[in-house]
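Please consult the sequence and the structure shown below alongside the text.

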Amino acid sequence: MQDFIRLKSSLPVAFKPGASVRGYFGVGLFLLTALIVQQSTGWRWTLLTELQGTKTYKLATGLGLLACVLYQWRFSVTRAQGGQHNFETMMGRHKLFGTLLPLVFFFHSQTLGYGYQQIFSLTLLLIFLTGLFNLQIVTIYKPWYRPVWISAHVGLSMALLLLMTYHVYINYAFK
């Protein structure tokens, strides 16, 4: 019981349910659904396909995707260092960037890829899903749920950093 009280009191104000939470969830669910439909039908945006064929565009959007992921890590690192100032603002930005992640991914690549790239893409989408179905949306009050959820979200994020590093190495070391 004490663990539950400590857990409840440690939850910041930003985790209180509200309309903005449902807004992020709605936009994120729409983008995920659009990505699933696009992937399952094989639809490609012709102009974007041509752009994605150029090295400069791939580099620019890849750097944009990397910057987005690293910005997401800023929130986690600040919290781990004990920083609680501007928590609500940081959480809002974390949710916003996380919600837009499928869109950023789509502009970098319209396919999930093959082999390690598919694992990389699916890891990115799993991180998105764990973020989308966060503690505010999935109201499970079991004491084990929060640690499992945060471990999955952060653990997948760490795996993503390793996969991103490998992706950059493979793409630029052998060219």
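Helices (H or I, at least four residues) and strands (E, at least two) are DSSP runs, numbered from the N terminus. The expected span of a helix is 1.5 Å times one less than its number of residues. The structure is a predicted model, in which local features need pLDDT of at least 70 and side-chain atom pairs count only at pLDDT 80 or more, whereas totals for chains, interfaces and linings use all residues. Residues are numbered from 1 along each chain as its sequence is written, and side-chain values use heavy atoms, with hydrogens and water left out.

**Overall architecture**

- The chain contains 8 helices and 0 strands, and its pattern along the sequence reads α-α-α-α-α-α-α-α.
- Of the 175 residues, 34% count as buried; buried means under 20% relative accessible area, exposed over 50%, and partly exposed in between, with a 1.4 Å probe and protein chains only.
- Contact means heavy atoms within 4.5 Å. Among the contacts in the chain with a separation of 6 or more, 76% are between residues 24 or more positions apart.

**Helix H4**

- The 26 residues of H4 should span 38 Å at 1.5 Å a residue, and the 37 Å between its end C-alpha atoms agrees with this.
- Its buried residues are Tyr 57, Thr 61, Leu 65, Cys 68, Val 69, Gln 72, Trp 73, Phe 75 and Thr 78.
- These buried residues of H4 pack against helix H3 (46-52), H5, helix H6 (101-108), helix H7 (116-132) and helix H8 (145-173).
- After H4 comes Gly 82, which has a positive phi, near 90°.

**Helix H7**

- The 17 residues of H7 should span 24 Å at 1.5 Å a residue, which agrees with the 24 Å between its end C-alpha atoms.
- Buried in H7 are Phe 120, Ser 121, Thr 123, Leu 124, Leu 125, Ile 127, Phe 128, Thr 130 and Leu 132.
- Ser 121 counts as buried because its relative accessibility is 4%. Leaving out residues up to four places away in sequence, Ser 121 touches Phe 105, Thr 111 and Leu 112.
- Gln 118 also lies in H7, but counts as partly exposed because its relative accessibility is 34%. Apart from neighbours within four places in sequence, Gln 118 is in contact with Leu 112 and Gly 113.

**Helix H8**

- H8 has 29 residues and reaches 41 Å from its first C-alpha to its last, close to the expected 42 Å.
- The buried residues of H8 are Tyr 145, Trp 149, His 153, Ser 157, Leu 160, Leu 163, Met 164, His 167 and Asn 171.
- Those buried residues pack against H4, H5, H6 and H7.

**Nonpolar core**

- A nonpolar core is a set of buried Ala, Val, Leu, Ile, Met, Phe, Trp, Tyr and Cys residues joined through side-chain atoms within 4.5 Å.
- The largest such core has 18 residues, and Val 69, Leu 124, Leu 160 and Met 164 have the most contacts inside it.
- At least two residues of this core come from each of H4, H6, H7 and H8, and H4 gives the largest share, 5 residues.
- Leu 160 touches Val 69, Phe 120, Thr 123, Leu 124 and Ile 127, not counting residues up to four places away in sequence.

- On a 1 Å grid over the protein atoms alone, a cavity is a set of points where a 1.4 Å probe fits but cannot get out; lining residues have an atom within 4 Å of a point. Grid points are joined across faces, edges and corners, and a volume is the space filled by probe spheres set on the points.
- The structure holds 1 cavity of 30 Å³ or more, and the largest cavity has a volume of about 40 Å³.
- The largest cavity is lined by Tyr 71, Gln 72, Arg 74, Phe 75, Met 90, Arg 93 and His 94.
- Helix H4 (55-80) and helix H5 (87-99) are the elements that give two or more residues to this lining, with the largest share, 4 residues, coming from H4.
- The lining divides into 3 nonpolar, 2 polar and 2 charged residues; Ala, Val, Leu, Ile, Met, Phe, Trp, Tyr, Cys and Pro count as nonpolar, Asp, Glu, Lys and Arg as charged, and the others, Gly among them, as polar.

**Gln 38 in helix H2**

- Gln 38 lies in helix H2 (residues 19-41) and is buried, with a relative accessible area of 5%.
- Its C-alpha atom is separated by 8.3 Å from that of Gln 110, 72 residues apart along the chain.
- Leaving aside neighbours within four places in sequence, Gln 38 is in contact with Trp 43, Arg 44, Phe 106 and Gln 110.

Technical notes: 1 Å grid on protein atoms, 1.4 Å probe; cavity = no way out; pocket = protein on both sides within 12 Å on 5 of 7 lines; lining within 4 Å.
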